[in-house]
Amino acid sequence: MTFAKRRWRNGFITLLAGAALVAWYSAYDVALYQASFLTGWLLLGAVLILALYNGRKKFSMLPMGTAATWLQVHIYLGLLAVLIFALHIDWQMPNGILDSVLALFFVTAAGSGMFGLYISRRYARMLTRRSEEVVLERIPQFIAALRQEAEAVVLASATETGSSTIADFYGNKLSAYFSGPRNTWLHVRGSRRASFALTTELKTMTRYLNEQEMLHADRLIALVERKDQLDYVYALQSLLKAWLFVHIPTTYGLIALALLHLLLVYSFGGAV
Amino acid sequence: MVEAVTIQRPRRWDAPFSEDMDQAEVDRILALEPFRDMDRDRFPESLPLAGIIANDTRLVRYQDGDIIMREGDYGNSAFLVVNGQVRVLLPPGLPETMLGRAQTAKKGLMQALAQLWRNRPYAEVRGAYSAEQSGGTASRAEGAHQARIFLQDVPAILDNYRSATLAAADMFGEIAALGRTQRTATVFSDGPSELLEIRWQGLRDIRRRVDDFRRHVDRLYRERSLASHLQATPMFQHLDEATIARIADETLFETYGDFDWQTQYQRHRDESFNRRLAEEPVIVAEGDYPDGLLLVRAGFARVSQMVNNGHRTVRYIGRGAVFGMAEIIQNWHRDNSDAGGGGAEEQDRTTALQATLRGLGYVDILRVPTAVIEEFVLPTLSAQALADYGQLDDARIGFELRHEDKGAGHTKMDSGILEFLVEHRYINGTATMLVDLDRCTRCDECVLACARAHDNNPRFNRHGRRHDHYMVANACMHCMDPVCMIGCPTGAIHRASPGGQVVINDTTCIGCATCAGSCPYDNIRMVEVRDGNGAFIRDTNTNAPIAKATKCDLCLDQPGGPACQRACPHDALKRVDMQDLSDLGRWLNR
């Protein structure tokens, strides 16, 4: 099945389920039942099922279906959960502190999930188009190697030509650049402003170089470009991992707060 | 100006099979059957029989019970008994465990789950290796680079298993060596014996020049495998045994390419496309008269068509495939409708071959002459079958795969990816790891899942050659033609039954790295193993760390199958059988 067909199928099923849910909710409401109890239990159930997906990843050795199938369920059930949440809070922000915090946790978990889905699809393509394959954890090593290479070029330039132009430029502009990943936020936003500015400055500096120095400058420019590539990969891959540090803890926090909310509702809300 | 470095052009016998074949040994061998009766004038001066004996053979001495070849192994040499006798075990043969192979049992659910806490914290931890390696067999070192597996209780084997004796001047193993197929029986030394091992190149040259020898090998093949191969070909399946036998009698055997194709591939893989294409032997060329139906018996072939000044690959074919049937049918129809006609006009209307067929690496071809097909096959095919088989290659219009779900456009394959897969010989894989980089978030869940399933040791690298947004990762492809298995001295690398996955028995692996060196795709890694405390296990004599070959085993012992594929949340990774073009096409066009 193509991805497009799968999207249509899963989207249609979710839409049907959503419509059925709204109808059920309306019927409950018309019958003067407390529909928020229905949506509350459904929402808790949905969130618990959504949280199981992370467990599935840990138990990859068990034959529990593919992670891809689980992710599809996670995505579309997550969308359905947003609708249930909206019905549960009656499309208004709650008033109480606990309820407000609970709602904030839900919005953060759902929002980070959607953001994660978006960058998972978009960044994967961006990484493919603009870079070679590099493992995130090894990038600091590669940057260190580039730094050593750049310093060797600068030293060679100074000793062979007796000129300090390149060395001065390195000390002022490039030393910090080569010391670790840089311009992370700019890369994440898709901006190439910083690397463009640096390359422009480098090219401006070449006006003051003779032919022999130019050879060293060209090598330095190539190293800057490679470093820029690594920064780009570092930025995108870091964000591809970092969003989970928001999504997963807020989900667990959400479950804990939801259980507390449930306890309070049943203790003081007149339920039963 | 820099002066060019000159060397003597490398020649075939620069690296003889053995350094120990001196003139006295060569003379002794030449005096034995069957070499004694061979007409030496049939061999050119540049390739004398004595030269073949000196450079393409070696004398090997075996002790009682030594296993000479194992059923199921791949080998590139045949053996001639010089002194003593050997035993061939008749079907059903020895159990797998007695051949130095491991029986892999699937883990239960609890065992699989227990990997979460039982996996060791150090890399490549192994338990203590016992001297008793498998039921009934053991191994011993034989020189610095040799090891032998031997049967511990020969009398019991002879009592319990049927066997046949081969004595001096008997030859065995030539069919598997020439046809690149698995050994069909296990052979062991019955008492001390001396054997002449003849490598493939020598066998090939003798077969070319000695009619008796060629007839002997061809007869063996005709008797043992040809009929069953023909019967398995779809367009022959309806024929009776007598007709199949007549077709078999007329069938010609042809071999193209280099037996050691992996070596050549490794040498040329970074050269230009045209250079590599020029290295591929042409089996039949586009525009040739179809003088026979070609059946691929072993190996792979590229089907290409001329486009202006270049060749465009339209598909690849492998074992069991046929080539040229459509053109033969077209010409047969024309002949039948024009009965009695002829001349130049008819000649013009002859349908020539629509594509070129080139050998990829090593390929064995069976050529059934057109006249035989016209006499025995075409008249017996239904009108529907004739119409199906008679469709000419329409690849110029598109790349829709023939005989594969034609109604579905999603089986179309981009020509670029097809060229990429063929050029790099990824078509050899039955479980090639393809990664769609447009879907892959580089989360490494596949690597983590693999590590969890293998005692915290990932068995592949999420790295490899790329074409567009597809990557073929460095993971064992479980090849159709597993060149890694050729030359393993202990048979540790073998095909698991019944799935046919290529696996390594860690216990019998001696760490010689023959398999790792042979793998054209760099998918086998040598690792230094540790004990449970993280200390390297060392050789008692040399103190050198013990090395073992490791690679993907397709999670043979895991209850759910390949963990990497199941763990990918984004549908980015798939283990693809490259023979299943329909499946591949669907995945590429999702």
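## Polar contacts and the salt bridge between the domains of chain A

Between domain 1 of chain A and domain 2 of chain A, the count is five residue pairs in polar contact, with both residues at pLDDT 80 or more. The model described here is predicted. Across this interface there is one salt bridge. The side chains of Asp228(A) and Arg130(A) meet in a salt bridge, with an N to O distance of 3.5 Å.

On the side of domain 1 of chain A that touches domain 2 of chain A, H4(A) provides the largest share, seven residues. By class, that side of domain 1 has seven nonpolar, two polar and one charged residues.

The domain assignment of chain A gives domain 1 as 3–131 + 243–268 and domain 2 as 136–240. The C-alpha centres of these domains of chain A lie 44 Å apart. Ten residues from domain 1 of chain A and eleven residues from domain 2 of chain A take part in the contact.

The size of an interface is often expressed as the accessible area lost when the parts come together. Domain 1 of chain A and domain 2 of chain A bury about 1,100 Å² between them, and 62% of it is on carbon and sulfur atoms. Of the area that domain 1 buries against domain 2 in chain A, Tyr123(A), Leu127(A) and Arg130(A) supply 62%, more than any other three residues. Arg130(A) is also a partner in the salt bridge with Asp228(A).

## The interface of chain A and chain B

The contact of the two chains takes 31 residues from chain A and 33 residues from chain B. Chain A and chain B bury about 2,800 Å² between them, of which 53% is on carbon and sulfur atoms. In chain A, the residues that lose the most area to chain B are Phe3(A), Met61(A) and Glu133(A), together 26% of what that side buries.

Between chain A and chain B the count is six salt bridges. Glu133(A) and Arg466(B) meet through their side chains in a salt bridge, at 3.4 Å from N to O.

## Helices on the chain A side

Helices H1 (3–30), H2 (35–58), H3 (67–88), H4 (97–130) and H9 (211–242) of chain A each supply at least two residues of the side that touches chain B. The largest share of that side, seven residues, comes from H4(A). By class, the side of chain A that touches chain B has 14 nonpolar, seven polar and ten charged residues.

Technical notes:
Residues numbered from 1 in each chain as written. Chains lettered and ligands numbered in written order. Predicted model: local features only at pLDDT ≥ 70, side-chain atom pairs only at ≥ 80, totals over all residues. Heavy atoms only, no water. Contact = heavy atoms within 4.5 Å. Buried area = accessible area lost by both parts, 1.4 Å probe. Salt bridge = Lys/Arg side-chain N within 4 Å of Asp/Glu carboxyl O. Helix = DSSP H or I, 4+ residues; strand = E, 2+ residues; numbered from the N terminus. Nonpolar A, V, L, I, M, F, W, Y, C, P; charged D, E, K, R; others polar. Domains from an automatic or database assignment. Polar contact = N/O pair within 3.5 Å; in protein donor to acceptor, adjacent residues only side chain to side chain.
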